[in-house]
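Colleague: I would like a close look at one residue and its setting. Please take me through it step by step.

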Amino acid sequence: MPLSDHEQRLLDQIEQALYAEDPKWANTVRISDPRSHYKRRLVKASIGFVLGIVLLMVGVVINNIPLGVGGFVVMLAACLWGLSSWKRMNGFGEAGPAARPGQPGKAGRRGGSRQSFMERMEERWRRRHDEH
């Protein structure tokens, strides 16, 4: 729904005031593609993963078990953080078909209802049984 002329002027005034007040923050917020944010998180997660490997190896070499376990925990946390960023960057972590226009989501393929695991397995069993 397009904005009226009055609303557009108000929005422009607010935007100009924001740029005048804090230009650095305004430029950071202005980035239109949220994937750039997730790419930065993915790079940070990769660095954390490498740091975890280093901690793990140092813990093994100097025979310090808590350091090795800490390194493993850092690796695991960085991996989970990176995977969540990668999923969101590629559109897998979004809520439904409305999240990305033009691309059908999982809910769109199932008619809007989310089936449980057992319901899907029963449906597959019925389809196989009907084929024979």
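Modeller: Helices here are DSSP runs of at least four residues, numbered from the N terminus. By that count, Ser-85 belongs to helix H4, which covers residues 65-90. Bear in mind that this is a predicted model.

Ser-85 has a relative accessible area of 0%. The cut-off for buried is under 20%, so Ser-85 is buried. Across the protein, 12% of the 132 residues count as buried.

Next, the neighbours. Leaving aside residues up to four places away in sequence, Ser-85 touches Tyr-38, Arg-41 and Leu-42. With Arg-41 there is also a polar contact, side chain to side chain, at 3.2 Å.

Now the annotation. An unreviewed UniProt entry lists residues 42-62 and 68-86 under "transmembrane region". In the model, residues 68-86 are 100% helix and 0% strand. The end C-alpha atoms of that span lie 27 Å apart. Residues 42-62 are 95% helix and 0% strand, with end C-alpha atoms 30 Å apart.

Finally, the whole chain. The protein has 6 helices and 0 strands. Its elements run α-α-α-α-α-α from the N terminus on. Take the contacts between residues at least 6 apart in sequence: 40% of them join residues at least 24 apart. The exposed surface comes to about 11,000 Å², and carbon and sulfur atoms supply 62% of it.

To return to the residue: Ser-85 is buried, and its side chain makes a polar contact with that of Arg-41.

Methods
Residues numbered from 1 in each chain as written. Predicted model: local features only at pLDDT ≥ 70, side-chain atom pairs only at ≥ 80, totals over all residues. Heavy atoms only, no water. UniProt positions renumbered as here; feature names shortened; annotations may be inferred. Helix = DSSP H or I, 4+ residues; strand = E, 2+ residues; numbered from the N terminus. Buried < 20%, exposed > 50% of the residue type's maximum accessible area, 1.4 Å probe, protein only. Polar contact = N/O pair within 3.5 Å; in protein donor to acceptor, adjacent residues only side chain to side chain. Contact = heavy atoms within 4.5 Å. Areas by Shrake-Rupley, 256 points an atom, 1.4 Å probe, with all protein chains shown as cover.
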